Amino acid sequence: MQIGIYIMAMVYMAAGVFHFVKPKMYVSIIPPYFSKKLLLVYISGVAEIVLGAGLLFEETKSISAWLIMLMLIAFLPVHFYMLRSEKFKRIPKWLLIIRLPLQLLLIYWAFQYT
């Protein structure tokens, strides 16, 4: 197995753990039109942990990669909200903009393991 899949798995599992370590941070970036934000943070954290771990097993690698791609697409409203909201004006605009093509790169990276 390639080193890239191990790196990807660790990135998603670590990100998922941080949903439980710093849930308020994640709640704050969810657009206001979503309800039950804390629940969404915990669900997405579990998803990242489970899908990251799923990349490590040949039997679940492909489905985990497909579901990671869907998850990254589902996260796009957060990125657009942060880009458009005055709430995040302390973050440099270029950084918020670059996150959008980064999502596409992450999707492409996951696609490599389908």
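A crossing of two helices is called left-handed if the near helix is turned anticlockwise from the far one by less than a right angle. The legends below refer to a predicted model.

**View 1. The crossing of helices H1 and H3 in the predicted model is left-handed.** The axes of H1 and H3 come within 7 Å and cross at roughly 155 degrees. Because angles over 145 degrees count as roughly antiparallel, H1 and H3 are therefore described as roughly antiparallel to each other.

**View 2. Residues at the contact of H1 with H3.** From H1, the contact is made by Ala-9, Tyr-12, Met-13, Ala-15, Gly-16, Val-17, His-19 and Phe-20, while H3 contributes Val-41, Tyr-42, Ser-44, Gly-45, Val-46, Glu-48, Ile-49, Gly-52 and Ala-53. Sorted by class, this contact has eleven nonpolar, five polar and one charged residues.

**View 3. The largest pocket, in which about 760 Å³ of space lies.** Of the 24 residues that line the largest pocket, His-19, Tyr-26, Glu-48, Phe-75 and His-79 are the closest to its centre. Among these five, His-19 of H1 and Glu-48 of H3 also take part in the contact of the two helices.

**View 4. The helices that line the largest pocket.** Two or more lining residues are given by each of H1 (3-21), H2 (23-28), H3 (37-54), H4 (58-74), H5 (76-84) and H6 (93-111), and the largest share, five residues, comes from H3. The lining as a whole has 18 nonpolar, four polar and two charged residues.

Note on methods
Residues numbered from 1 in each chain as written. Predicted model: local features only at pLDDT ≥ 70, side-chain atom pairs only at ≥ 80, totals over all residues. Heavy atoms only, no water. 1 Å grid on protein atoms, 1.4 Å probe; cavity = no way out; pocket = protein on both sides within 12 Å on 5 of 7 lines; lining within 4 Å. Points joined across faces, edges and corners; volume = space filled by probe spheres on them. Helix = DSSP H or I, 4+ residues; strand = E, 2+ residues; numbered from the N terminus. Nonpolar A, V, L, I, M, F, W, Y, C, P; charged D, E, K, R; others polar. Axes fitted to C-alpha atoms, helices over the stretch in contact; angles between N-to-C directions. Parallel < 35°, antiparallel > 145°, perpendicular 65-115°, else oblique. Contact = heavy atoms within 4.5 Å.
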